[in-house]
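Please read the points below with the model open beside you, and take them one at a time.

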Amino acid sequence: MKSDVMTEKIDFESMVGSELLEYISFKDEFPNEAEMAFYVFQARYQRDILQKSEVLCSKFEYNEAIAFLAATCTFDKIWKNAHTFNMKKANTKNVDKAILLWMYKILFTQILLFKNRDTCAQPTKEEDLSLINDVDGLIKVHAPEDLEKQKELKENLSFLERALQGLSPKHRIIYFTYLAYKPDKDKNIPRSVSNKLQEQLELTQASIRVYRKEATDLVNNYINKVNGNR
């Protein structure tokens, strides 16, 4: 945002979509301007999203009512997460196309949520999952209220801090986050957590896999070295 001062006379209609999203992302500081920007944004892209929703929903044999609900849920998510749009990460220089592709991903997620829960865009515990930076954060996930369990985990997992010394903060965050939210090798990390890793660390999923492998290999080598010296 070029200015911290909002004026009453803002021509939202003439703005490109990315500028509208920027205004929407400041809804806490400037609620009136954000609502006006959102109104214009929704009017501009609603037809495309509804048509896409109808096409996607038809593959799940959903009716037009569900397609409309999924489209509505998509705009609800955009109102809350407008800040996650990043034109720099788009595969096109066309702003409208980039926004639509970004929105299609959100829409598809909403349709899948409906498939699993008969509803969409409802707050879930998963959406509140935070990235984990260290052993203490990992312990809070696995034993949030059990002090004895926390003490035991602290003793058993303290070696991880030593094992990961020398690696970048991104390596550590990825390693601890996966350790916290991926219960076993046959399960995937929650989608919301995966998205947060990509957005906050500014990495692709492929890069995240590389970082995770490097950290995991280092920890495994550390464990093998310690066991070999016993």
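1. In this predicted model, the axes of H5 and helix H8, which spans residues 169-181, come within 9 Å and cross at roughly 10°. Angles under 35 degrees count as roughly parallel, and H5 and H8 are therefore roughly parallel to each other. On the H5 side the contact is made by Val135, Leu138, Val141 and His142, and on the H8 side by Phe176, Leu179, Ala180 and Tyr181. Sorted by class, the contact of H5 with H8 has seven nonpolar residues and one polar residue, with no charged residues.

2. The crossing in which H5 passes H6 is right-handed. Here Val135, Asp136, Leu138, Ile139 and His142 in H5 meet Gln150, Leu153, Lys154 and Leu157 in H6. The residues of this contact of H5 with H6 divide into five nonpolar, two polar and two charged.

3. For H8 and H9 the angle is about 170° and the axes are 11 Å apart, and that makes H8 roughly antiparallel to H9. Lys170, Ile173, Ile174, Thr177, Tyr178 and Tyr181 in H8 meet Val193, Leu197 and Leu201 in H9. By class, this contact of H8 with H9 has seven nonpolar residues, one polar and one charged.

4. How many helices and how many strands are there in the chain? There are 10 helices and zero strands, and from the N terminus on the elements run α-α-α-α-α-α-α-α-α-α. Of the 230 residues in the chain, buried ones make up 36%. The chain exposes about 14,800 Å², and carbon and sulfur atoms supply 49% of that area. If you consider the contacts in the chain with a separation of 6 or more, residues 24 or more positions apart account for 66% of them.

5. Not counting residues up to four places away in sequence, Ile106 touches Thr74, Lys77 and Ile78. The C-alpha atoms of Ile106 and Ile78 are separated by 8.3 Å, although these residues are 28 residues apart along the chain.

6. Met87 has its place in the loop between helix H3 (64-81) and helix H4 (95-117), and at 26% relative accessibility Met87 counts as partly exposed. Leaving aside its neighbours within four places in sequence, Met87 is in contact with Thr92, Lys93, Asn94, Val95 and Ala98. Between the C-alpha atoms of Met87 and Ile99, which lie 12 residues apart along the chain, the separation is 8.1 Å.

7. Thr204 is placed in the loop between helix H9 (191-201) and helix H10 (205-228). Its relative accessibility is 47%, so Thr204 counts as partly exposed. Thr204 and Lys89 are 115 residues apart in sequence, yet from C-alpha to C-alpha they are 9.6 Å apart in space.

8. Which values of phi do Glu61 and Glu202 have? Phi of Glu61 is near 60°, a positive value in a residue other than glycine, and Glu202 has a positive phi of about 55° although it is not a glycine either. Glu61 sits in the loop between helix H2 (31-59) and H3, and at 75% relative accessibility Glu61 counts as exposed. Glu202 sits in the loop between H9 and H10, and at 60% relative accessibility Glu202 counts as exposed.

Conventions: Residues numbered from 1 in each chain as written. Predicted model: local features only at pLDDT ≥ 70, side-chain atom pairs only at ≥ 80, totals over all residues. Heavy atoms only, no water. Left-handed = near helix turned anticlockwise from the far one by under 90°. Helix = DSSP H or I, 4+ residues; strand = E, 2+ residues; numbered from the N terminus. Contact = heavy atoms within 4.5 Å. Nonpolar A, V, L, I, M, F, W, Y, C, P; charged D, E, K, R; others polar. Buried < 20%, exposed > 50% of the residue type's maximum accessible area, 1.4 Å probe, protein only. Areas by Shrake-Rupley, 256 points an atom, 1.4 Å probe, with all protein chains shown as cover. Axes fitted to C-alpha atoms, helices over the stretch in contact; angles between N-to-C directions. Parallel < 35°, antiparallel > 145°, perpendicular 65-115°, else oblique.
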